Amino acid sequence: MKKSLALFVALAALALPMSAQAHRAWLAPTSTVLSGTEAWVSFDAGMSNGVFIPDHAAMNLAGLVITAPDGSTAAPENMMRGRYRSTFDLHLTRPGTWKVANVTGGVMVSYKQGGEQKRWRGAEADMAANIPADATEVVATRTFSRVETFVTLGEPSVSALTPTGEGIELVPVTHPNDLVVGEAATFKLVRDGRPAAGLDVTIARGGSRYRDNPEEITVRTGSDGAFTVTWPGSGMYWMNASVRSPASGDQPAYSAQYNGVVEVLP
């Protein structure tokens, strides 16, 4: 069997990435808007039933990418992974907006060998070397998962917000660190760099442990990938969108998730 995507005729969607499952993935900063010539921000990252409530599992931060206002990559400090959450600090050393994202991607493959069900997950470039030649009932899905947030020191900037062109990404029309209660904010979602039309976006406010109403709303992206939300209250908000498409020709099935965290000020 040739080990190429072209011959995986049984392609279909497997399970969604971790952020799409019953537990919600989030990356929450202690502050999003800061002043001065430098500052420190701490972050919690986890997966839980309610957003920002560390009660299920810590997030694996192997895909953590921090983009500084000038487009360069910055390093986290004091990283730690506990039972229910991962934590790290970021030293903001220059003014502007920083993007902090945990990004994963690759291929998930399910197959049988000698009648035994097996699975493999890794980089697409490594797939051919890891799927046995005698594998049958091969099922592959190309996956992308992005969990991100934004922090600004001083005046907001946009250089760090440039999309990479992979998976689902948020393209701000309204700056993500300029959100105020009662004011409408507009964002765009793109899928692999193109407008992601017709996606449902779930928006949930944190603090659900202390109220009966989960305060979740759902909006849908337009033909240009844009959606608008008027914030009903202050606090940290979690946004989620996903897309899933079946295999087509020699292309595997596709599954992508976006999870973003923004702060709305009074």
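## Surface and overall build

The protein chain exposes about 12300 Å², and carbon and sulfur atoms supply 49% of that area. Keep in mind that this is a predicted model. Buried residues make up 48% of the 266 residues in the protein chain.

As for secondary structure, the protein chain comes to one helix and 19 strands. Its radius of gyration is 19 Å, close to the 18 Å that the globule rule gives for 266 residues, so the chain is as compact as a globular protein of that length. If you follow the C-alpha trace along its principal axes, it spans about 60 × 40 × 40 Å.

How much of the contacts with a separation of 6 or more comes from residues 24 or more positions apart? Those residues account for 67% of such contacts in the protein chain.

## Aromatic pairs: tryptophan 26 and phenylalanine 52

Now for the rings. A pair of aromatic rings is described by the distance of the centres and the angle of the planes. The structure holds five aromatic pairs, and one of them is made by tryptophan 26 and phenylalanine 52. Their ring centres sit 5.8 Å apart and their planes are at 75°; angles over 60 degrees count as edge-to-face, so that is what this pair is.

The two partners come from distant parts of the chain, 26 residues apart. Tryptophan 26 belongs to strand E1 (residues 24–29), while phenylalanine 52 is in the loop between strand E3 (39–48) and strand E4 (57–58).

Are these two residues buried or exposed? Tryptophan 26 is buried, with a relative accessible area of 2%. Phenylalanine 52 has a relative accessible area of 19%, and because buried means under 20%, phenylalanine 52 is buried too.

## Phenylalanine 187 and phenylalanine 227

Another pair brings together phenylalanine 187 and phenylalanine 227, with ring centres 5.7 Å apart. Their planes are at 40°, so this pair is tilted. Phenylalanine 187 lies in strand E13 (residues 184–191) and phenylalanine 227 in strand E17 (residues 226–230), so the pair ties together parts that are 40 residues apart in sequence.

Both partners are tucked away from the surface in this model: phenylalanine 187 is buried, with a relative accessible area of 0%, and phenylalanine 227 is buried as well, at 3%.

## A charge over a ring

One more ring is worth a look. Which residue lies over the face of tyrosine 254? That's arginine 191, at 4.0 Å from the ring centre.

Note on methods:
Residues are numbered from 1 along each chain as its sequence is written. This is a predicted model: local features need pLDDT of at least 70, side-chain atom pairs count only at pLDDT 80 or more; totals for chains, interfaces and linings use all residues. Side-chain values use heavy atoms; hydrogens and water are left out. Rings of Phe, Tyr and Trp (its six-membered ring) pair if their centres lie within 6.5 Å; planes under 30 degrees apart count as stacked, over 60 as edge-to-face and the rest as tilted. Helices (H or I, at least four residues) and strands (E, at least two) are DSSP runs, numbered from the N terminus. Buried means under 20% relative accessible area, exposed over 50%, partly exposed in between (1.4 Å probe, protein chains only). A charge sits over a ring if NZ of Lys or CZ of Arg is within 6 Å of the ring centre and within 35 degrees of the ring normal. The radius of gyration is taken over C-alpha atoms; the globule rule is 2.2 Å times the number of residues to the power 0.38. Contact means heavy atoms within 4.5 Å. Accessible areas come from the Shrake-Rupley method with a 1.4 Å probe; for residues, only the protein chains shown count as cover.
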